[in-house]
Amino acid sequence: MKLLKLLHITFFILTATVASAQVKFEAKVSKEKLGVNERLRIDFEMNKDGDNFNPPGFNGFTVIGGPNQSVSNSWINGVRTYKKTYSYFLAPKSRGNFTIGQATIEIEGEIYKTTPIKVEVTAAIDKPKDPNDPDYVASNNIHLVAEVSNSNPYLNEAITVVYKLYVAPTTGVDNWREIDIPKYDDFWSQNIDTKGQRVQNGTYNGEEYRYLVLRKTVLYPQRTGRLNIEPLSLNVSVQVPTNRRDIFGSRLMTRVNRTVSAGNRTINVKSLPEKGKPADFSGAVGDFSFKVTASKTELDATESLQAKVEVRGKGNLKLFKLPKLTLPSSLEVYEPEHEENVSTTTSGMQGSISDTYTIVPQYKGKYPLSSVSFSYFDVKTKTYKRLSSDEIIINVLDGPVNTSSETTTPSSNTIKQTVVSNNNQFAFIKTNTDLVTTKTSYFFKSTLFWSLLLAPFLAIPLVVLIKRKKDIRDADITGNKIRKADRLARKYLKGAKKQLGKKEAFYEALEKALHNYLKAKLRIETSDLSKDRIQNLLLERNVENEVVNDFIAIFENCELARYTPITNVTMQEDYEKAAKTISLIDKQAR
């Protein structure tokens, strides 16, 4: 019995030892179903320390925080428990089902992977109202509104949608990004340039707000009935006040990311009235003028003139066709050249469109250009209007006489005529040739031949000179070390230099460059080291104390810059200081 009991105890101890030695690396999410306006936390936990942690791509999400790293050690009944966690905070980009992929890490020479996690993102949900919650404060202080000029227009009548971002006076906005752009199905749309817009003062729900016009769009509905205008959605970086105050009594601000949407808008589009609609109505809606003009009314046969059919005014100018010009059959006419001189403002399209016909008469006589009619719907009077041009007489003064019929007069009927070709219609073709003799040239004994032959002999002194300069440069050990250090600094700070002028991106790239440099120079993982430890390691490598202090100061600037206003001049100074410090460390470290 005692032996059996001893075996049980031994088996239990061995099992506990094996279990404690087993490596665990897993991913945990705060929730598997969330609204598009909520945030998701994901933790990557391991029970043993490792290197080369690689997070997944987080497709469908925006990383708004992290990675945050935490380490805990505990001893219970003489048994040590270790846990290390990398945490990320994510914001959904849109609704749908997403899969967070595998993260990897190297522990004791082995690669471990987490299990993929499926997350469902639903429509926005109501959150508990906590007056001290920055997200709740931001939701009350920032609003995106779509203002529609007319929700009950006629078919092809212009309406304008203006998107305004309202911000409370106590709240600030750093930047925003469009995450869902309206497609405007069943509308002809044109965006209006809003660059240079300034912040204005206004009211929202009876309260004082500041607002900025983000987008203006002119729409022309292309079918009747209830049409839907899709919402515009933004991801906005917002600064909101907290309950904490600085030493001067001013409230401290915190930054949160907020998704705002303008919401759906429904437009009820009315049909154009059938009563009084002209038979030749082509869909023009607005307020127009109409005319037909000729470049000249007197000319000789085989000369050309231009007849222009033009509509000018305000309305859907690009969405209808101009009436055709009616011409006598004895006039040769070419396909019209269409021209549009239209600008789009918040009130709709305005300007002119025209068709220009090139006409060439073949015979002597008088030819009428018959009156042309154009009809449109006037939205102001809600009636159809018809405009007609005057008849134009083309007088051909000189040319062959058409013997097959009498000369056409304004009152006579037009008769189809046979076009007589001119004798000089091929005069533009050149019939005389000018032949030029060509001289045959040979490569042998040419200038190029002698140049290629002598080039290798002439290059020998140049090669000798370059070789001597290279030997002198290689012998300059101190100079080479300085040049190598400068190249190393430029290499690691290349990414930070590209982000100059963008505060957050610049200091994030600068901090990453410093960590990568230490990792390469000292062959250590900097994520596990404190500033004091980094300082001690650099001093052990015989780096001067002043240089080490400058290096640590740059690290502190990277952290403080995220919460304090920074100018472009300060960023340039920090970049130059980092380059100089990396160069000095590389020269001094042993």
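Let's start with Leu453, which sits in helix H3, residues 447-475. Helices here are DSSP runs of H or I with at least four residues, strands are E runs of at least two, and both are numbered from the N terminus.

A word on the source. This is a predicted model, where local features need pLDDT of at least 70, side-chain atom pairs count only at pLDDT 80 or more, and totals for chains, interfaces and linings use all residues. Residues are numbered from 1 along each chain as its sequence is written, and side-chain values use heavy atoms, leaving out hydrogens and water.

Back to Leu453. Its relative accessible area is 41%, so it counts as partly exposed, between buried (under 20%) and exposed (over 50%), with a 1.4 Å probe and protein chains only.

Next, the sheet. Three strands form an open sheet, in the order S2-S10-S7, with mixed pairing. Strands pair if DSSP finds at least two bridges between them. Strands S2 (33-35) and S7 (96-100) are the edges; each has a single partner strand, so one side of each lacks a neighbour in the sheet. S2 and S10 (residues 117-122) run parallel, joined by three bridges. Leu34 stands opposite Val121 in S10.

Now the aromatics. The structure holds 21 aromatic pairs. Rings of Phe, Tyr and Trp (its six-membered ring) pair with centres within 6.5 Å; planes under 30 degrees apart are stacked, over 60 edge-to-face, the rest tilted. Take Phe288 and Phe374: edge-to-face, 6.1 Å centre to centre, 75° between the planes. Phe288 is in strand S21, Phe374 in strand S28, 86 residues apart. Both Phe288 and Phe374 are buried.
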